[in-house]
Amino acid sequence: MNAYTLFKYCKRLLGMLNTLLAKTEIRHIGKGSRVLPGNYIAGGQWITIGRGSVINTNVTLTAHQVFGITPLKCPIISIGDNCGIGAFSHITGINRIRIGNGVLTGMAVLITDNSHGDFDREQLKLRPNIRPLVSKGEVIIDDNVWIGEKASILPGVHIGEGAIIGAGAVITKDVPPFSVVVGNPARIVKQMK
Amino acid sequence: MNAYTLFKYCKRLLGMLNTLLAKTEIRHIGKGSRVLPGNYIAGGQWITIGRGSVINTNVTLTAHQVFGITPLKCPIISIGDNCGIGAFSHITGINRIRIGNGVLTGMAVLITDNSHGDFDREQLKLRPNIRPLVSKGEVIIDDNVWIGEKASILPGVHIGEGAIIGAGAVITKDVPPFSVVVGNPARIVKQMK
Amino acid sequence: MNAYTLFKYCKRLLGMLNTLLAKTEIRHIGKGSRVLPGNYIAGGQWITIGRGSVINTNVTLTAHQVFGITPLKCPIISIGDNCGIGAFSHITGINRIRIGNGVLTGMAVLITDNSHGDFDREQLKLRPNIRPLVSKGEVIIDDNVWIGEKASILPGVHIGEGAIIGAGAVITKDVPPFSVVVGNPARIVKQMK
């Protein structure tokens, strides 16, 4: 066993400790799921994670309750079973983000159901972080979706089962199941009948 | 108080210590501003940050003086009051980057006023990191601009007040005030009269 | 000497120690090359790095042997002399990724020769991380290529000498030498005769 392998074992141990730490913040983390170090979590009481999922290193998960937007039913962010969320990804919800089972994301993916304010001149004269948060709609990502590296999934989007989102794609509209979507702005390039 | 909350308090304390450390490098950091851990800073004597701003974790800020390009007046990079620079962002200047007040950026944003060399065959036969740095012009970002996650702001660009830059957009031309710009390459999709 | 400079010396020392650690995992690291901390490396026996190259902080390098795809000749990933791989970048190979000399990448670049499965309905009904890995072809990046921040280089691509890949560009086709390619999807915007 070389030194690097030993180093990886230490990191794996740290990952286990970090998962225990995350369990004190996140409402529910299923059996066999891991939350790797470097994460930033806020509003963990509105977040659930299923079984066998991995939240990779340096992921940001934030759920905020906003009066009049957040539905009364919990959770805001739910991640299903056997998912993999890539390192440096960012999931931020105020309404509802439902990620199904077996969803895999590359690194540095953004999934958000909210934005800073509407597009009217009064608001644009304020600084963005004091504009009221708004949500164009919930984000639903069905089972077995594969989201490429650095893709962004924006508010109000429903991504159907088995879809593939290309690297760097920016998704602002619904994606049909079993289709491939690429580009910024994104367009459908393949679709199974 | 759960263990994660305690963990966050420790991180906040580390952030305060990191801000003190950054103050020994950066020319001026205004009252109430914070520079969170994991940053890489070079040429801090050419960088100023106003009051109440937050430079999030793992940001890279580099200012280099280049003879014949950098103006004699300091600073090269100035960040105004009440700004938020997202985690994993990268701001690199050799000419001038002026970020106004209340500017908010998502994660992994690039703001640069320079590039590695010009486009002629002699230079392209050198490796990029020994080509002479050039600047197509300074970058000016006016007040209350909101820059989406993973956007890139390239040299010579002026972004007007209250503009919104979409996630993943790559900006190579001026952006009018109170407009919304998306895509790679970017185009204006909304503009307030 | 200010405190931040001292801090940077400590980080440089850590970088040297990390390079020694990486040398126990990576098949060959040439003289003067550095592998900075925060990296994740897998399959180091299939990776070689030339002389004078820098693998920046938080880079992920993974090489996996896949029966029937990986050629018998080693290495899977080779990085030449005097290269710079930007922080947060991700290089992942199962077939062959050959990066020449003097190649410079920005931060958060993806270089991959593989993807999760083919596009048929049977596979799309599986979760992506159990679909068989496939490779559309090897990735060859010739000398002195400059890859902009957050660009993605996808399987089967050959990038010719001295080419410039714009920030955020997503490359799915060959790029001629001494050309400039931008956008998502990418297109050639300049080409030296």
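The legends below describe close-up views of a predicted model. Local features are given where pLDDT is at least 70 and side-chain atom pairs count only at pLDDT 80 or more, whereas totals for chains, interfaces and linings use all residues. Residues are numbered from 1 along each chain as its sequence is written, and chains are lettered from A in the order in which they are written.

View 1. Helix H1(B) comprises residues 3-23, helices being DSSP runs of H or I with at least four residues, and strands runs of E with at least two, numbered from the N terminus. Its end C-alpha atoms lie 30 Å apart, in agreement with the 30 Å that its 21 residues should span at 1.5 Å a residue, the expected span being 1.5 Å times one less than the number of residues. B:Asn18, B:Thr19 and B:Ala22 are buried, and because these buried residues fall within an arc of 105° seen down the axis, they line one face of the helix; the arc is that of the directions from the helix axis to the C-beta atoms. A residue is buried if 20 or more other C-beta atoms lie within 10 Å of its own, exposed if 12 or fewer, and partly exposed in between, with C-beta atoms placed from the backbone. The face turned away from the buried side carries exposed residues, among them B:Leu6, B:Tyr9 and B:Met16. The cover over the buried residues includes strands S1, S2 and S3 of chain B and helix H1 of chain C.

**View 2. The contact between chains A and B.** Here 26 residues of chain A are in contact with 26 residues of chain B, contact requiring C-beta atoms, placed from the backbone, within 7 Å. On the chain A side, helix H1 (3-23) and helix H2 (121-124) are the elements that give two or more residues.

**View 3. The open sheet of chain A.** Six strands pair in parallel in the order S1-S4-S7-S10-S15-S18, where pairing needs at least two DSSP bridges. Strands S1 (28-29) and S18 (158-159) stand at the edges with a single partner strand each, so one side of each is left without a neighbour in the sheet. Two bridges join S1(A) to the parallel strand S4 (residues 47-49), and A:His28 stands opposite A:Thr48.

**View 4. A hairpin in chain C.** Strands S21 (residues 179-182) and S22 (residues 187-191) of chain C run antiparallel and are joined by four bridges, with C:Ser179 opposite C:Gln191. Four residues lie between the strands, and C:Gly183 takes a positive phi near 100° in this hairpin.

Technical notes: Contact = placed C-beta atoms within 7 Å.
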